[in-house]
Amino acid sequence: MVSLPEEIFKETYGKVKKLIVTKNLVPGQLITQHRLSHTLNIQDDSVPVVLLQLKQESLLVGSLDNGLSVRELSEQEILEMFDCRIALETMAVKLFTKNAPQSKIDDLRSLLVPFENGPKNGYVFYKIDRYFHEFIIKNCGNKTLYEMYKSAKILPFMDLMGLNRPLHLILKIHLDLVSAMHHRDENKAVEILSMNLENAKKSHIYCP
């Protein structure tokens, strides 16, 4: 496989990832290199490299020769992955609230400031949401917990799910969570995060 400059890889990777998260590439739909190159107006060799990377990340299934598709998740897989998120992330948020330096909590607050007048771009806000959750577990002080989070491939799962609830509601929940962390209220932080993930799970299972 051809070796690409990092900036070219990142640009193509970002474009294809956006198509997946925004459901412009529908789960199960056949993806060919030629069709994708035409859709994205890309004339270089970055598409096959990016597709293989996304397959390695468990976002795509299939093969380059016969065609790839966005991974489809069964209802059972969705339920189980959300349950894993709840178990790992509630522990992480408890540890983060108890142990994280104030500067880390301020970093999370600053992350949300640009959206206080209401999120306008769903994909941009999704990337912030993804970073927000990973930041907490990455900085909770328990490296083993973070390794479990990565090995469970929860981040690719988030990419496949996306956000399907009103963005202003998700923003308010995040702000309430940061407020609980700021006041070092572990129980409140755990309650907010757990309820948020439970409601997210229901929205994906029972969405029309």
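Mentor: We start with the second largest pocket, where α6, α7 and α8 each supply at least two residues of the lining. Please keep in mind throughout that this is a predicted model.

Trainee: Which element gives the most to the lining of the second largest pocket?
Mentor: That is α8, which contributes 4 residues to the lining of this pocket. The whole lining consists of Q56, E57, R130, E134, Y149, K150, K153, I154, L155, P156 and D159, and the space in this second largest pocket comes to about 190 Å³.

Trainee: How do you know which of the residues lining the second largest pocket are charged, polar or nonpolar?
Mentor: Asp, Glu, Lys and Arg count as charged, and sorting the lining of the second largest pocket in this way gives 6 charged, 4 nonpolar and 1 polar residues.

Trainee: What do we know about the largest pocket and its volume?
Mentor: Its volume is about 380 Å³. It is lined by 21 residues, and K23, L160, M161, G162 and H204 are the closest to its centre. Two or more residues of this lining come from each of α1, α6 and α8, and the lining of the largest pocket divides into 13 nonpolar, 5 polar and 3 charged residues.

Trainee: Why is H204 called buried?
Mentor: The cut-off for buried is under 20% relative accessible area, and H204 has 14% relative accessibility, so H204 counts as buried. This residue is placed in helix α10, and, leaving aside residues up to four places away in sequence, H204 touches I78, F82, M161, G162 and N164.

Trainee: What makes a space a cavity and not a pocket?
Mentor: In a cavity a 1.4 Å probe fits but cannot get out, whereas a pocket is an open set of points. A search of the whole structure finds 2 cavities of 30 Å³ or more. The largest cavity has a volume of about 170 Å³ and is lined by 18 residues, among which R85, D129, G162, L163 and A200 lie nearest its centre. Helix α10 gives the most to the lining of the largest cavity, with 5 residues.

Trainee: Which residues line the second largest cavity?
Mentor: The second largest cavity is lined by E89, A92, H133, I136, I137 and L193, with α4 and α6 being the elements that give two or more residues to this lining. About 30 Å³ of space lies in the second largest cavity.

Trainee: Where do α6 and α7 make their contact?
Mentor: The axes of α6 and helix α7, which covers residues 143-151, come within 8 Å and cross at roughly 140°. On the α6 side the contact is made by H133, E134, I137 and K138, and on the α7 side by L145, Y146 and Y149.

Trainee: Now to the aromatic rings: why is the pair of F96 and F135 called edge-to-face?
Mentor: Rings pair if their centres lie within 6.5 Å, and planes over 60 degrees apart count as edge-to-face. The centres of the F96 and F135 rings are 6.3 Å apart and their planes stand at 70°, so the pair is edge-to-face. Since F96 lies in helix α4 and F135 in helix α6, the pair ties together parts that are 39 residues apart in sequence.

Trainee: And why is the pair of Y131 and F135 called tilted?
Mentor: Planes under 30 degrees apart count as stacked and over 60 as edge-to-face, with the rest tilted. The rings of Y131 and F135 have their centres 5.9 Å apart and their planes at 40°, so this pair is tilted. Y131 and F135 are 4 residues apart in helix α6, which means that about one helical turn separates them. Together, F96, Y131 and F135 form one aromatic cluster.

Terms used:
Residues are numbered from 1 along each chain as its sequence is written. This is a predicted model: local features need pLDDT of at least 70, side-chain atom pairs count only at pLDDT 80 or more; totals for chains, interfaces and linings use all residues. Side-chain values use heavy atoms; hydrogens and water are left out. On a 1 Å grid over the protein atoms alone, a cavity is a set of points where a 1.4 Å probe fits but cannot get out, and a pocket is an open set with protein on both sides within 12 Å along at least five of seven lines; lining residues have an atom within 4 Å of a point. Grid points are joined across faces, edges and corners, and a volume is the space filled by probe spheres set on the points. Buried means under 20% relative accessible area, exposed over 50%, partly exposed in between (1.4 Å probe, protein chains only). Contact means heavy atoms within 4.5 Å. Axes are lines fitted to C-alpha atoms, for helices over the stretch in contact, and angles run from 0 to 180 degrees between N-to-C directions. Rings of Phe, Tyr and Trp (its six-membered ring) pair if their centres lie within 6.5 Å; planes under 30 degrees apart count as stacked, over 60 as edge-to-face and the rest as tilted.
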